[in-house]
Amino acid sequence: MSGHSTYEPKSNVSKWFDERLPVVRLMHDSFVAFPTPRNLNYLWTFGGILVFCLVAQLVTGIILAMHYVPNDQMAFNSVQHIKRDVNYGWLIQPMHAVGASMFFLAVYIHIFRGLYYGSYKAPREVLWILGVFILLAMMATGFLGYTLPWGQMSFWGATVITNLFSSLDGVIPGLGTAIVTWLWGGFSVGNATLNRFFSLHYLLPFVIFGLVILHVWALHVAGQNNPTGLEIKQPADAVPMYPYAVTKDVFGMFVFLIPFAYFVFFMPDWLGHADNYTPADPLVTPPHIVPEWYFLPFYAILRAIPSKLGGVIAMVSAIVILVFVPWLDTSRVRSCKYRPIFKWCFWAFAFTCLALGYLGAMPAEEPYITWARIFTFLYFAFFLLAMPIVGILETPSKLPRSIMESVLGKPGSTGGHMPAGASAAPEKR
Amino acid sequence: MSADVEDTHKRDFLVLAGNTFAAIGGASLLWPFVQQMNPDASALALASIEVDLTPVKPGQAITVMWRGKPVFIRNRNADEIKQAQAVDVKALVDTSARNDALPDATPALDEDRVKKGKENWLVLVGVCTHLGCIPKGQSIADSRGDFGGWFCPCHGSHYDTSGRIRKGPAPRNLEVPVYSFVSDTKIKIG
Ligand code: HEM
Ligand code: FES
């Protein structure tokens, strides 16, 4: 989208069309000729995997909506009906349910990739922030979708999460309760709630779709980051997206599809909670409410704080703090490869997130509460202490002069000594 | 005024008037779209209910549905009442009686959470004031928490025998709904 176009229409028809609507040119420049750093590793295949996940959720979701009934008396049975009676429902329903988990798995890897290689740093701040918005929209969609089967966890998860807003009563008395009643359309989670959640669960993925278009647009303005964190400085640093990056992306996606398919075919309900195979009962709270695995770290943070409003603020901040990461990190070096101290902070942070995930699944008792507090502190310390302070104190190790040098140990084609064919892709550039 | 001198003020006014019109129009159009989400007429129409208390023996409790929410009715024994009355209100997390029939400023004395002469009957909206789970403690086998009333397992809130929050993340005492004794053994909630 930036830089000049290399698209040459072949036939008269495509030339005629290109003069009227250059959409094929746009696609060619963005996804065929687009220069990708030649040193991208498999962590860079997750962007493409995420696009696949989004499309898969949309396709399977639209099909499920043809058979699902958003009514508190019928929803639970309609999902069972899809799984048992609808042709290939046994396949399509788990594709959607497992797909949500795989989507979150991929997005978390994608985000950790960005944190490790400093992909949030200038000039990619807007790209990063759009990513955070996508994450928020995904979380909302995942939460709304989990309500739809109307099992015990659906019902009580919806109750607990919507009640988070009631903490605003601590700011302006009555405000929180008014918002919760408004969200429910009643005095408890009920049929009105289920109906609107279905409507919004259908809507939000299209909002995500729009955000992804902006995200990819911003990516194509700034260009991709890469394991060295260096910019593309010379033609030899890059290869065209097609076929190089695309082939790698497709291979990565097939590897990703192996566990995906394993779950769909052999353990379709394994990622769900047993209580959600019991119909919703507004009179009985399950002894132990847990959200889906991908919300567990945030749930642990919520429960770690002994005040209602405080817990909600901490949980929301845990996500929103990502928006400020480009400015919290004071280092001039992007990639952790060259950041000997921050690299360990990163791994400590990754461990913290896993630990919080474990603690979120445990009951709200000792010793888990104390541990949750310690790890909540470490979670925020990574952003508020490690990022600004390590960035100033640390001496980065020596950076290669170019991407090319990092790959071949030589500075690159301009002034380099290697034969032309070794440094550059065979295509003319 | 000659044609080549523009009267810019006249245009300023048009822009201002136009924007104001659009803003007011937009806001009033938004209102119905926001308001439709609130409880509808059928949800508001949920009437009051009557409950017969004869089968509930001392120490027992029942749960009834009212406005889509559970209401706890416990027939407290003498010990539980004594325990509830002995508490120093100033030491409580929430010092308001949270009795819908009384003003908010009423202190959280046990006597202000029950009806006079009917101190054994405790009637509460059975919804944890933290995030809305149904606390345990209604059935004999349940854990009743550290204070002998109710225990919310969701995030660990402990309520005492007057339904007041004593420990855990919940900010308020369990709410006492508006109710009245229509006879010696029958109450009307709502
Ligand atoms: C539906 C979810 C998402 C989709 C479909 C998506 C898609 C993509 C695609 C196709 C790329 C380019 C390929 C790549 O570098 O892997 C990309 C890059 C990027 N994404 Fe996402 N993304 C999503 C969510 C997020 C989130 C939640 C964040 C961060 C909070 C994020 C941050 C980034 C960053 C920083 C880059 C640039 C990476 C680089 O070039 O190093 N993305 N995204
Ligand atoms: S909902 Fe009862 S403790 Fe959280």
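Hi everyone, let's start with the ligand: in chain A, α3 (46-65), α5 (89-117), α6 (125-147) and α9 (191-222) each supply at least two residues of the shell around ligand 1. This is a predicted model, in which local features need pLDDT of at least 70, side-chain atom pairs count only at pLDDT 80 or more, and totals for chains, interfaces and linings use all residues. Residues are numbered from 1 along each chain as its sequence is written, chains are lettered from A and ligands numbered from 1 in the order in which they are written, and side-chain values use heavy atoms, with hydrogens and water left out. Helices (H or I, at least four residues) and strands (E, at least two) are DSSP runs, numbered from the N terminus.

Which helix gives the most to that shell? That would be α6(A), with seven residues. By kind, the shell holds 14 nonpolar residues, seven polar and one charged. Here Ala, Val, Leu, Ile, Met, Phe, Trp, Tyr, Cys and Pro count as nonpolar, Asp, Glu, Lys and Arg as charged, and the others, Gly among them, as polar.

Now some individual residues. His110(A) has a polar side-chain atom 2.6 Å from a nitrogen atom of ligand 1. For Trp44(A), an N or O atom of the side chain is 3.1 Å from an oxygen atom of ligand 1, and for Gln224(A) the corresponding value, again to an oxygen atom of the ligand, is 3.5 Å.

On to the cavities. On a 1 Å grid over the protein atoms alone, a cavity is a set of points where a 1.4 Å probe fits but cannot get out, and lining residues have an atom within 4 Å of a point. Grid points are joined across faces, edges and corners, and a volume is the space filled by probe spheres set on the points.

How many cavities of 30 Å³ or more are there? The count is two. The largest cavity has a volume of about 900 Å³. Its lining has 42 residues, and His96(A), Ala97(A), Gly145(A), Tyr146(A) and His201(A) lie nearest its centre. Eight residues of this lining come from α5(A), which gives the most. The lining divides into 27 nonpolar, twelve polar and three charged residues.

The second largest cavity holds about 30 Å³ of space. Residues lining it include Ile63(A), His67(A), Tyr88(A) and Ile92(A). This lining has six nonpolar residues, three polar and no charged.

Note on methods:
Polar contact = N/O pair within 3.5 Å; in protein donor to acceptor, adjacent residues only side chain to side chain. 1 Å grid on protein atoms, 1.4 Å probe; cavity = no way out; pocket = protein on both sides within 12 Å on 5 of 7 lines; lining within 4 Å.
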